[in-house]
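Hi,

Here is the structure I said I'd pass on. Have a look at it first, and my notes follow below.

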Amino acid sequence: MSMLDTRYSLLVQLPLLALAAAPVAAQSPSCESTVVAAPEIPVAHGVLAARRSALLETIGSGVAVVPATSPPRRPGGYPVASSDFEYLTGLEQSDAWLVLDGSAAGEHAAVLYLTGNAAPAGQMVEAGAITGIADVRCFGDAPEELAALLRTDGASTPGTILFLSMGMRGAPDADVLAAVDTAGLETRNLRPALARLRVVKDEEELSRLRRAAEVSALGAAQGMRSAGPGLGEADVQAVIEAQFHAGGALRTSFPSIVASGSNALELHYNDNVSTLTDGELLLTDVGAEYAGYAGDVTRTYPISGTFTDRQRDLYELVLSTQEAAIDSVRPGVTIEDLNRIAREHMAEHSGDLCGDETCDVFFIHGLSHHLGLDVHDPGLPNLPLAPGMVLTVEPGIYIPDEGIGIRIEDDVLVTPGGHEVLSTAAPKSVSAVEAEMANGR
């Protein structure tokens with residue numbers, strides 16, 4: 001699409017820019033191809049258009065730039081694919097920008113700037129056919145054209161606001177700032193507006209999240225059936241991830257955590273190099289990525305196939321804590337509320353399991369996070385839950401002196417009347433876990 005009423009009319013007269021409604025690739029032999037790698041499962045044009053329209057409504061007459069890559073999350077890190085860009089275009093891409101002009105109309109409101117991409121023959125498609133965006137241009141022209149749109153030559157249009165995709169700690173996208181002079185412009189963070197849109201999932205997203213949760217749970221159950229003394233953590237990981245592939249998930253949504261014994265005390269352990277030992281517990285925190293959307297399911301079970309009395313008592317406390325929190329998921333409640341409910345339940349039902357202390361002192365992480373394109377999707381802890389939100393519920397107990405780490409996690413959809421657990425395919429009661437393990441032996 002091209003860019004706007006009066007500003008668009010001005011742009012087409014600029015000889016250096018040579019803008020037109022026709023694809024740029026047809027005008028300039030030096031322009032990169034406008035074909036892209038075909039998505040695993042394309043998102044319907046109407047869904048993508050509705051998302052872009054909703055964002056355009058929030059930026060008023062401003063201009064928003066959504067890069068296809070995000071800034072590194074830590075110094076020296078690598079840029080990562082932007083889930084915001086994917087949410088709005090349906091593309092997993094690099095070196096690309098989506099530019100939205102809030103003062104344009106219809107097809108002139110969105111422009112997609114792309115570089116050519118390499119992919120196996122037969123897997124390339126026209127970007128416009130996938131995204132529903134009619135105006136797809138050469139990425140190399142983006143800085144000059146955006147500068148003209150914003151009038152960053154010292155004669156900025158009064159009231160023009162540039163919305164930038166922000167990274168961690170509020171740092172704006174460095175590539176955009178390096179390419180566009182923002183002198184005289186007001187810049188704002190686009191992420192809050194995008195987060196408000198992304199936190200409530202549309203039906204397209206919910207169908208993918210349901211499958212991601214189901215496949216994740218099936219993988220967790222398969223790992224349960226395969227585990228036993230003498231195997232390696234990596235062996236169980238391989239079984240779980242093979243089940244993901246069999247279920248149609250081509251990737252994991254995060255590095256698989258398969259942590260036996262004291263390894264489970266490290267919350268994000270993923271070395272997965274130890275040998276499973278009789279008498280210890282195995283914690284698997286795994287997620288399948290289905291059509292771009294993340295599952296996240298944790299189960300903890302005895303390597304021997306049978307819980308000891310001590311393991312069972314601690315496990316059942318974690319399980320009842322999770323059930324108390326899940327039972328409280330409904331519209332209007334916040335994650336902060338659920339976290340408080342879980343910790344109060346664990347404290348009140350600790351008995352003497354943790355000595356003179358209540359066991360909640362060994363619950364050392366948050367209870368929940370939102371799920372979506374990212375395994376930690378946008379969503380604040382004090383945001384009231386609403387129908388269409390999907391979150392994890394994952395209490396745990398970690399006792400260093402005993403080398404015990406127990407966590408149970410499910411993916412939960414908020415519904416108008418309460419909630420729906422999406423990851424029920426993985427057993428979690430003591431009897432169900434032991435029966436599942438017996439079935440695999």
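A residue counts as buried here when its relative accessible area is under 20%. Tryptophan 97, at 4% relative accessibility, is therefore buried. Keep in mind that this is a predicted model.

I began with the rings. There are two aromatic pairs in the structure. One of them joins tryptophan 97 to phenylalanine 139 in an edge-to-face arrangement, with 5.7 Å between centres and 85° between the planes. Tryptophan 97 belongs to strand E5 (residues 97-101), while phenylalanine 139 is in the loop between strand E8 (136-138) and helix H5 (142-150), so the pair ties together parts 42 residues apart in sequence.

Phenylalanine 307 and tyrosine 315 make a tilted pair, because their planes are at 45°, with the ring centres 4.9 Å apart. Both phenylalanine 307 and tyrosine 315 are buried.

There is also a charge over a ring: arginine 343 has its charged end over phenylalanine 363, 3.9 Å from the ring centre.

Now the sheet. It is open and has six strands with mixed pairing, in the order E8-E6-E5-E2-E9-E10. Which strands stand at the edges? E8 and strand E10 (186-189) do; each has a single partner strand, so one side of each has no neighbour in the sheet. From one strand to the next, the twist averages 25°.

Further in, strand E2 (residues 63-67) and E5 run antiparallel and are joined by five bridges. For valine 63, the bridge partner in E5 is aspartate 101.

Cheers

Note on methods:
Residues are numbered from 1 along each chain as its sequence is written. This is a predicted model: local features need pLDDT of at least 70, side-chain atom pairs count only at pLDDT 80 or more; totals for chains, interfaces and linings use all residues. Side-chain values use heavy atoms; hydrogens and water are left out. Rings of Phe, Tyr and Trp (its six-membered ring) pair if their centres lie within 6.5 Å; planes under 30 degrees apart count as stacked, over 60 as edge-to-face and the rest as tilted. Helices (H or I, at least four residues) and strands (E, at least two) are DSSP runs, numbered from the N terminus. Buried means under 20% relative accessible area, exposed over 50%, partly exposed in between (1.4 Å probe, protein chains only). A charge sits over a ring if NZ of Lys or CZ of Arg is within 6 Å of the ring centre and within 35 degrees of the ring normal. Two strands pair if DSSP finds at least two bridges between them. Axes are lines fitted to C-alpha atoms, for helices over the stretch in contact, and angles run from 0 to 180 degrees between N-to-C directions.
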